Amino acid sequence: MYVYDELDRTLVIERVAEFRDQVGRRRSGELTEEEFKPLRLMNGVYLQLHAYMLRIAIPYGTLSSRQLRMLAHVGRRYDRNYGHFTTRQNIQFNWIKLESLPDAMADLASAGLHGMQTSGNCVRNITTDQWSGVAPDEIEDPRIWAELLRQHTTLHPEFSFLPRKFKIAVTAATHDRAAIKVHDIGLRLHRNGAGETGFEVLVGGGLGRTPFIAKSIRPFLPKRDVLSYVEAVLRVYNQFARRDNIYKARIKILVHDLGAEAFAREVETEWQHIKDGPLALDPAVVAEIAARFRYPDYARLGDNPPELIALRKADRRFDSWYGNAVAKHKMLGYAIVTLSLKPEGGPPGDATSDQMDAIADLADRYSFGEIRVGHEQNLVFPHVAQRDLGELWRALDTVGVATPNIGLVSDIIACPGLDYCSLANARAIPVAQELTRRFRDLDLARDLGRLHINISGCINACGHHHVGHIGILGVEKNGEEFYQITLGGRADERAELGALLGPAVPYGKVADVVEEVVAAYLELRERRSETFVETVKRLGVEPFKERVYATH
Amino acid sequence: MTSPLQQKLKITGPVIVTANRLGDGAVIYRTRDGNWSTRLDEAAVVSTAPAATELLAAAVADDISAVGAYVAPVRIGADGRPEPGNLRESIRYAGPTVAPAIAIGF
């Protein structure tokens, strides 16, 4: 866990007092909506279809059990007993009242939680691998760098009024679980030929109306330079990006228009002015931040304890869950456990206040009080002793978060869509719910293997549809909901945008089409180990298209 | 952002003016007597651009009660009462079409 210092605590508490005053002035009429809107957005408060929505940042996806209990409390006291985990390591409450917001924020602040950097044209909540610090394939904990960047960008005056929002993701593992190639800046910690660690810097990735995979503009950046280099990128963006057209204001458009090489040259020029100034990182500062990340006092244990082996043999349901939700940990005798927030028929990413409380209690008992949030809208217990897995599984099953579908066809990413969001054109959640019912057969899901379905209710792509193995985008045609389907997208280190399958299909046909696509995959795959996305890569969309549009 | 009053209204059928209530964001409708109601059947229904513009102007001026007022289509039901004119307005009127996790019993 990261332990906040006095400066952080003061900032968050002062922000609550400031917002309370702003809400009071808005309600008295002293502030117009036009004046108030940017102020509420700076605190993550949106006005959606039916109510205000509060978005709370979970920096680098790390939560303490105390913080999760506070989220449960906010859901219970000020909302409707549930929250929605998003694709950017945030949580949203959908029914909060303006008049309750200052009190809710004060409660959140007492646990170090807030809505800063969750809205507006600033640097947004910095995201990273939900397995940070425990993944065997990482070279160091990327959260240290995410935290440095968080501190540097929070309230940074130069970056509070950018042309558009700005998203940064960091990873330090071989396998990219943070989708860095679809971020404005992606930072990949790796080792160079000399054995030093530094960052590959990628820029201009993003989804939305005009999706792009990020381009690498610097293969290796020494760690001391990360703040100055990111600052240089932001300065070039701030200076050159278009402010006249909201649809062309993101850095991806600038990088595309200028070309990655020309963009990199501009960054280099800017960087030369600042690289040896105050932003050059003093190793002592980095060490101080690193020291604030406290790791558990792990016991000396061995892998595969006898009780685990015995239970796997004795209980097929447990073994199935173990094979799906449990991953290797960097410490012997420990495991990383993913909690599925994708039960059959449930809205992806929703958790009730009771579930959050129960999960917090289990985290205290089995995960050193720590929980992680991943961009796939699931939760993670990062430090579980393997000998406790049986007990934990039974408890998680009772809470409803042990569906063994992680990474499988029913582990669907979906935005809130037209059921909640004022920007949406079509619904996303009910499409996901129907698909989880169609693919309720977990033996089939396991046979299908890794298959990510991502659904967005509008072109803004909060549901990451472009990078779903099967992507589903809701559009509106003459007052009806239609859905464009893409195949072959992926969000990892081999990120790609999906290719359009064919004409959009009506709401009632989406699940049928997805079933056809899946059936086609089963026929077309060369061998069982060829994943869906590999089959699409090998064959393109044509054979899928032929099958789907011959039937419909 | 263009103010709703600067946008030229194209009216092809019955419309109402709707917004969200300042205090809690609830969906509200501009009524015939110049107030707001959460009941669509109390909304003032107009069918011409000048009437809609007038209704909207008064609604927008009431910045302390309502946020983001705009003109939305309605259908007139068999009983003569207005019903939401499109899916978005139906969802605003009736709430999400999906039960959240809490209602499903997780």
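These exercises walk through a predicted model of two chains, each with a worked solution.

Residues are numbered from 1 along each chain as its sequence is written, and chains are lettered from A, with ligands numbered from 1, in the order in which they are written. Local features need pLDDT of at least 70 and side-chain atom pairs count only at pLDDT 80 or more, while totals for chains, interfaces and linings use all residues.

**Exercise 1. An outline of chain B**

Task: find how many helices and strands chain B has, and what pattern they follow along the sequence.

Solution. 
- Step 1: begin with what counts. Helices (H or I, at least four residues) and strands (E, at least two) are DSSP runs, numbered from the N terminus.
- Step 2: in chain B this gives 3 helices and 5 strands.
- Step 3: read along the sequence, the pattern is β-β-β-α-β-β-α-α.
- Step 4: turn to burial. A residue is buried if 20 or more other C-beta atoms lie within 10 Å of its own, exposed if 12 or fewer, and partly exposed in between, with C-beta atoms placed from the backbone. Of the 106 residues of chain B, 35% count as buried.

**Exercise 2. Strand 1 of chain B**

Task: work out which strands pair with strand 1 of chain B, and in what sense.

Solution. 
- Step 1: recall that strands of a sheet pair through backbone hydrogen bonds, either parallel or antiparallel. Here, two strands pair if DSSP finds at least two bridges between them.
- Step 2: strand 4 (residues 66-76) of chain B pairs with strand 1 in the antiparallel sense over 6 bridges. As a landmark, look for Arg21(B) opposite Ala66(B).
- Step 3: strand 2 (residues 27-30) of chain B also runs antiparallel to strand 1, with 3 bridges joining them. Here Ala19(B) stands opposite Ile28(B).
- Step 4: strands 1 and 2 of chain B form a hairpin with 5 residues between them, and Gly25(B) in the turn has a positive phi of about 80°.
- Step 5: now check burial. In strand 1 (residues 15-21) of chain B, 6 of the 7 residues are buried, so this strand is largely enclosed by the rest of the structure.

**Exercise 3. A sheet in chain A and its helices**

Task: describe the open sheet of 5 strands in chain A and find which helices pack on it.

Solution. 
- Step 1: the strand order is 6-7-8-9-10, with mixed pairing.
- Step 2: the edge strands are strand 6 (127-128) and strand 10 (215-222) of chain A, since each pairs on one side only.
- Step 3: inspect one pair. Strand 7 (residues 168-171) and strand 8 (residues 185-191) of chain A run parallel and are joined by 4 bridges; Ala169(A) has Gly186(A) in strand 8 as its bridge partner.
- Step 4: Helix 5 (residues 143-153) of chain A lies across strands 6, 7 and 8, running at about 155° to strand 7. Helix 8 (residues 260-274) of chain A packs on the sheet by touching strand 9 (197-203) and strand 10, and its direction makes about 35° with that of strand 10. These angles run from 0 to 180 degrees between N-to-C directions, with axes fitted to C-alpha atoms, for helices over the stretch in contact.

**Exercise 4. Where the chains meet**

Task: find how many residues each chain gives to the contact, and what kinds chain A supplies.

Solution. 
- Step 1: two residues are in contact if their C-beta atoms, placed from the backbone, lie within 7 Å.
- Step 2: chain A gives 33 residues and chain B gives 25 residues.
- Step 3: on the chain A side, the elements giving two or more residues are strand 13 (350-352) and helix 14 (429-438).
- Step 4: that side divides into 13 nonpolar, 11 polar and 9 charged residues. Ala, Val, Leu, Ile, Met, Phe, Trp, Tyr, Cys and Pro count as nonpolar, Asp, Glu, Lys and Arg as charged, and the others, Gly among them, as polar.

**Exercise 5. One residue, Asp419(A)**

Task: decide whether Asp419(A) counts as buried or exposed, and list what it touches.

Solution. 
- Step 1: locate Asp419(A) in the loop between strand 16 (413-414) and helix 14 of chain A.
- Step 2: Asp419(A) has 24 C-beta neighbours inside 10 Å, so it counts as buried.
- Step 3: leaving out residues up to four places away in sequence, Asp419(A) touches Arg427(A), Ile429(A), Ile91(B), Pro96(B), Thr97(B) and Val98(B).
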